[in-house]
Amino acid sequence: NYIVQFGGTRQADPVPNSCKPPAVTQPASIATQENYYLLAGKLIWYKLARAQCPNGYSGVDPVTFAASACGMDGARPQMIAWQNSLDQSILDAAREWNVPAALMKRIIAKESQFWVWTGVDGEHGLAQITDDGAHLVLHIYEKNYYTLTPSQQAQARAAWLNSLDCHGCTPLQTIDHAKRTMPKVAQALAAYYCTFGSWDEAARKWN
């Protein structure tokens, strides 16, 4: 026979404490208004923005998919809104993991211009994290990682990376997915800080 008693409300699992950077002061806002020509071109291509070009020109380079000058003129309001649509999720994840939110956003901007490229050249998610990056994260935060065989470690890295991607999603769905997985990007940045000892080195070594 068993006696079942109410034991209280379970608290959320804490962030793993194998390494967490010191607390950092976060800005009130990380909003930007940069001209990201690839982002503008993608928004035009997917009909999420409209170019202001003469003679029916699409405003998008057919090879690079970057916006032309007239494409940027038309797409700029939507491009600014898109690049700032993740700000709150970046700030929330940055506070959770004690990483600089502005740096995190700059890394995403440099790696993908806020447009998801699923699995291109082995890079995953908005921050374009590679297999080496996943190894670093699991090395620090997954205590059983080194008890796995090399094949199992590879599978663990692949699973972690694939969770960053939104396979078969629309562009708007990728943004919603990116918001949900932003803590993993922050976790990865924390892992780089813990490995290389400074935020400058973390950004320099990012992959």
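User: Which hand does the disulfide of Cys19 and Cys194 have?
Analyst: The S-S torsion of Cys19 and Cys194 is about -95°, so the disulfide is left-handed. A disulfide here is a pair of cysteine sulfur atoms within 2.5 Å.
User: What parts does the pair tie together?
Analyst: Cys19 sits in the segment before helix H1 (37–45), and Cys194 in helix H7 (residues 171–196), so the link ties together parts 175 residues apart in sequence. Helices are DSSP runs of H or I with at least four residues, strands are E runs of at least two, and both are numbered from the N terminus.
User: What kind of model is this?
Analyst: A predicted one: local features need pLDDT of at least 70, side-chain atom pairs count only at pLDDT 80 or more, and totals for chains, interfaces and linings use all residues. Residues are numbered from 1 along each chain as its sequence is written, and side-chain values use heavy atoms, with hydrogens and water left out.
User: How many disulfides in the whole structure?
Analyst: Three. In sequence order, the bonded cysteines pair 1-6, 2-3, 4-5.
User: Cys53 and Cys70: how far apart are the sulfur atoms?
Analyst: 2.0 Å. That link is right-handed, with 95° about the S-S bond.
User: Is Cys53 buried or exposed?
Analyst: Buried, at 18% relative accessibility. Buried means under 20% relative accessible area, exposed over 50%, partly exposed in between (1.4 Å probe, protein chains only). Cys70 is buried too, at 16%.
User: And what about Cys166 and Cys169?
Analyst: They form a disulfide with sulfur atoms 1.8 Å apart. Cys166 is buried at 10%, while Cys169 is partly exposed at 27%.
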